[in-house]
Amino acid sequence: MKYSVIAAASAAVLATAGLSAPAFATGKMSCEAGPQSGWKTRAELEANLVEQGWKIKKSKVDGGCYEVYGTTPEGDRVEAYFHPVSLEKLLVSRRGKVLFRKP
Amino acid sequence: MLDQHASKTHDTAMSFLRKLNSLPVLWILLSLPGLFMVRGYWVGDIIAMDLLHPTGEFSARFMIIALFTTPFSVIFGNRPWVGWFLKRRRTFGLAAFGYGVLHLVFYIIDMEALKPILAEFWAPGIWTGWAALLLFVPLAITSNDASMRRLKRGWKRLQRLVYFAALLTLAHWLLIHDGVGGALAHFVPLALLELWRIIIIYRQRNNKTAQHETLQTP
């Protein structure tokens, strides 16, 4: 019976730790881009990309960069990182495989 | 008179509770999260990409609950609540498959075309998911009494594929998702229970051998 209490307690602790983990930067890329007041908007980035032939599912901020999920003009379904001030392309990857990294 | 009335109320309450504890009600409960997800997608509140995580998580969650049953019965023996789980194992297993299929449907909707699906097929985080779901197909097809009768002892052997499916699911989750917290919160309790089950079975076996040896000594 003692063991079952220990197991239940450790399961509860683990579950709480797992579920309460805060939204964190994924660490795939980070940008030192200064205060957000100096950033270009995500709408502008998306508009630029669409003009270049991208299809966009979603975008957000991750690690101080803009992160975009979508399809490249070449037809690759990717997640891509852009600098929020210069909107320069920094990293493009597909399910963990890097397709482009800014040299 | 009053007593009769009270016992009648009691009976009604009991039969209501029995109904609430029935398999059809469990089916409805287990499908509710999925119905909300499909509805959310339908009315445009949420995109397919954002439904990949919740559908996959519910699939893994129900598979893990189904898998709890055997360690529970080895560790705690023949108790009413263990029996409760045993009676519902198939329901949880089929629900896991259902959410796995929903997961695949939203994946296909999200990817939009065959070409990008094939392009990423061999990414470690992707093929593990395909393999896990593929293993689930024969398990789901044979999750009925007729198959149990027809396959006899082979049924149990076939259903043991679920352990491979579980390992593939864990690998898929760890590889595809940013952060390991969610996957571990689900799989560590299962791993602990399985470990405990193995220890108990190992001990029982040792005890039996020891007894056997004692008996043989003249």
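Here is a working chat about a predicted model with chains A and B.

Q: Let's start with chain A. How many helices and strands are there in it?
A: Chain A has two helices and five strands.

Q: And what pattern do they follow along the sequence?
A: Chain A reads α-α-β-β-β-β-β.

Q: What percentage of chain A counts as buried?
A: 17% of its 103 residues. On contacts, if you take those in chain A with a separation of 6 or more, 35% are between residues 24 or more positions apart.

Q: Ok, over to chain B. At what angle do helix 2 and helix 4 of chain B pack?
A: About 25 degrees, and their axes are 11 Å apart. Helix 2 covers residues 23-42 and helix 4 covers residues 80-111.

Q: Is that roughly parallel or roughly antiparallel, and why?
A: Roughly parallel, because angles under 35 degrees count that way.

Q: Left-handed or right-handed crossing?
A: Helix 2 of chain B passes helix 4 of chain B in a right-handed crossing.

Q: Which residues meet there?
A: From helix 2 of chain B you get Leu23(B), Leu26(B), Trp27(B), Leu30(B) and Gly34(B). Helix 4 of chain B answers with Arg88(B), Thr91(B), Ala95(B), Gly98(B), Tyr99(B) and Leu102(B). By type, the contact of helix 2 with helix 4 of chain B has seven nonpolar residues, three polar and one charged.

Q: What about helix 2 and helix 3 of chain B, what's the angle there?
A: About 175 degrees, with the axes 11 Å apart. That makes helix 2 of chain B roughly antiparallel to helix 3 of chain B, because the angle is over 145 degrees.

Q: Who's touching whom in that pair, helix 2 and helix 3 of chain B?
A: On the helix 2 side of chain B, Leu30(B), Pro33(B), Met37(B) and Tyr41(B). On the helix 3 side of chain B, Ala48(B), Leu51(B), Pro54(B), Thr55(B), Phe58(B) and Phe62(B). The contact of helix 2 with helix 3 of chain B splits into nine nonpolar residues, one polar and no charged.

Q: Switching to cores. Which residues touch the most other members in the largest nonpolar core?
A: Phe62(B), Met63(B), Ala66(B) and Ala96(B), out of 30 residues in that core. Helices 2, 3, 4, 6, 9 and 10 of chain B are the elements that give two or more residues to this core.

Q: Which helix gives the largest share of the core?
A: Helix 3 of chain B, with nine residues.

Q: Zoom in on Ala66(B): what is it in contact with, leaving aside neighbours within four places in sequence?
A: Ala66(B) is in contact with Arg89(B), Phe92(B), Gly93(B) and Ala96(B).

Q: Last topic, backbone. What's phi of Leu87(A) near?
A: Phi of Leu87(A) is near 60 degrees, a positive value in a residue other than glycine. Most residues other than glycine have a negative phi.

Q: Where does Leu87(A) lie?
A: Leu87(A) is in the loop between strand 3 (77-82) and strand 4 (89-94) of chain A. Leu87(A) is partly exposed, because 16 other C-beta atoms lie within 10 Å.

Q: And Glu112(B), what's its phi near?
A: Near 70 degrees, which is again a positive value in a residue other than glycine. Glu112(B) sits in the loop between helix 4 and helix 5 (114-119) of chain B.

Q: Why does Glu112(B) count as partly exposed?
A: Because Glu112(B) has 14 C-beta neighbours inside 10 Å, and buried would take 20 or more.

Methods:
Residues are numbered from 1 along each chain as its sequence is written. Chains are lettered from A and ligands numbered from 1 in the order in which they are written. This is a predicted model: local features need pLDDT of at least 70, side-chain atom pairs count only at pLDDT 80 or more; totals for chains, interfaces and linings use all residues. Axes are lines fitted to C-alpha atoms, for helices over the stretch in contact, and angles run from 0 to 180 degrees between N-to-C directions. Helices (H or I, at least four residues) and strands (E, at least two) are DSSP runs, numbered from the N terminus. Angles under 35 degrees count as roughly parallel, over 145 as roughly antiparallel, 65 to 115 as roughly perpendicular and the rest as oblique. A crossing is left-handed if the near helix is turned anticlockwise from the far one by less than a right angle, and right-handed if clockwise. Two residues are in contact if their C-beta atoms, placed from the backbone, lie within 7 Å. Ala, Val, Leu, Ile, Met, Phe, Trp, Tyr, Cys and Pro count as nonpolar, Asp, Glu, Lys and Arg as charged, and the others, Gly among them, as polar. A nonpolar core is a set of buried Ala, Val, Leu, Ile, Met, Phe, Trp, Tyr and Cys residues joined through C-beta atoms within 7 Å. A residue is buried if 20 or more other C-beta atoms lie within 10 Å of its own, exposed if 12 or fewer, and partly exposed in between; C-beta atoms are placed from the backbone.
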